[in-house]
Amino acid sequence: MAMFDLSLDKLREYRPDVAAPADLVEFWRRSIEKARTDDLSASFTAIDNKLAVIDTYDVTYAGFGGAPVKGWLHVPAGAGGPLPTVVQYHGYSGGRGFPHATTLWAQAGYAHFVMDTRGQGYSGGGTAGTPDDSAYAGLNHTPGFMTAGITDPETYYYRRVFIDAVRAIDAAKASPLVDPDKIIVTGGSQGGGIAIAAAGLAGLAGIELLGCAPDVPFLCHFQRALEITNKEPYAEITRYLKGFRQDVDAALRTLSYFDGVNLGRLATAPALFSVALMDATCPPSTVFAAFNHYGSAAKDIEVYSYNEHEGGQTYQQLAQLDWFAKIFAAKESSADR
């Protein structure tokens, strides 16, 4: 894959006019308030994860519609808490998987909360995941999740996922192992888009985050993505609209409620993004659109010029290890004053 998008100089200045619906904040505030009428019912059950240096808890909490959502909470073995915490969301088709599969942030000494993604998880398998048992999940859509309920923001799949993500933060805060004042959200691809959404919605939910770290984020600047890439999963949307021609306006209106450009504008937590300039799955202009509009002035972006959707991988993890330590230390220092 060659560099197919705008030049880096133009990307750094790319601030497209992505119209937000007039009731964006009201829609999400109402969605959060509705979700919170269900008891969170967060439970943490210690399990044998086969690891000597990490303790793991099997987590269940009530997500959108009160549906049970699964997760893992990893902490350094023997930790008593409360610990600085990283809440992680997964990429498209990913889920919480096996308990030993994703433990990096616990290895770094933090509490590491891993949210399952309803209806997904098939790329990694593992233990029983979280079904998407909403009545809306069965509406006409192309294979995949991108168009499930797409003609109305009330029924769209990612309404359920984004509320699950906010409730995951609530669930993490319910554990005595977690310091509720020291939480960072992160994820790659779809997980990056969910992290941006969680950061944007946190303020509406009365949650103060310390940081947001989205890598090569998906679910950003939908209109641009549909115009310049035919790669999955965005292609699920174009395939749907190719068939249901009458739904174009309704679908694009729905997507505006879930666009990382619009939700990121609401965020106040510092951010560390990453982008890959040969990424045809999440084109660089869509990432920079979200980054350049992101609400916090304290933000940075790591650029990987010759990478596709894999992005920085371990290089980005190194950058995050340094950034997370700095963010958590700054909070500790301010608390000591």
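**Close-up views of a predicted model**

**View 1. His141 is partly exposed, because its relative accessibility is 32%.** That value falls between the cut-offs of 20% for buried and 50% for exposed. The structure shown is a predicted model. His141 sits in the loop between strand 5 and helix 4. Which residues does His141 contact, leaving aside neighbours within four places in sequence? They are Thr147, Ala148 and Tyr240. Phe244 is 103 residues away from His141 along the chain.

**View 2. Helix 4 is mostly covered.** Of its 17 residues, 16 are buried. Helix 4 runs over residues 157-173. How far apart are its end C-alpha atoms? They are 25 Å apart. At 1.5 Å a residue, helix 4 should span 24 Å, so the two values agree.

**View 3. Asp164 and Arg118 form a salt bridge.** Side chains of opposite charge can pair when their charged atoms come close. Here the closest N and O atoms are 2.7 Å apart. The pair links distant parts of the chain. Asp164 belongs to helix 4, while Arg118 lies in the loop between strand 5 (111-115) and helix 4. The two residues are 46 residues apart. Is Asp164 buried or exposed? Asp164 counts as buried, because its relative accessibility is 1%. Arg118 also has 1% relative accessibility, so Arg118 counts as buried. Salt bridges that share partners join Arg118, Asp132, Arg160 and Asp164 into one network.

**View 4. Lys70 pairs with Asp58 in a salt bridge.** Their closest N and O atoms are 3.0 Å apart. This pair, too, links distant parts of the chain. Lys70 is in strand 3 (residues 68-76). Asp58 is in strand 2 (residues 54-62). The partners are 12 residues apart. Lys70 has a relative accessible area of 17%, so Lys70 is buried. The cut-off for buried is under 20%.

**View 5. Asp48 and Lys50 meet through their side chains.** Their contact is a salt bridge of 3.4 Å, N to O. A search of the whole structure finds 12 salt bridges.

**View 6. The largest pocket has a volume of about 510 Å³.** How many residues line the largest pocket? The lining has 25 residues. Nearest the centre lie Gln88, Gly187, Gly188, Asp215 and Gln317. By type, the lining divides into six nonpolar, 17 polar and two charged residues.

**View 7. Gln320 lies in helix 11.** Is Gln320 buried or exposed? Gln320 counts as buried, because its relative accessibility is 2%. What does Gln320 touch, not counting residues up to four places away in sequence? Its contacts are Trp105, Thr186, Ala213, Asp215, Leu272 and Ala325. One of them, Asp215, is also among the residues nearest the centre of the largest pocket.

Methods:
Residues are numbered from 1 along each chain as its sequence is written. This is a predicted model: local features need pLDDT of at least 70, side-chain atom pairs count only at pLDDT 80 or more; totals for chains, interfaces and linings use all residues. Side-chain values use heavy atoms; hydrogens and water are left out. Helices (H or I, at least four residues) and strands (E, at least two) are DSSP runs, numbered from the N terminus. The expected span of a helix is 1.5 Å times one less than its number of residues. Buried means under 20% relative accessible area, exposed over 50%, partly exposed in between (1.4 Å probe, protein chains only). On a 1 Å grid over the protein atoms alone, a cavity is a set of points where a 1.4 Å probe fits but cannot get out, and a pocket is an open set with protein on both sides within 12 Å along at least five of seven lines; lining residues have an atom within 4 Å of a point. Grid points are joined across faces, edges and corners, and a volume is the space filled by probe spheres set on the points. Ala, Val, Leu, Ile, Met, Phe, Trp, Tyr, Cys and Pro count as nonpolar, Asp, Glu, Lys and Arg as charged, and the others, Gly among them, as polar. A salt bridge is a side-chain nitrogen of Lys or Arg within 4 Å of a carboxyl oxygen of Asp or Glu. Contact means heavy atoms within 4.5 Å.
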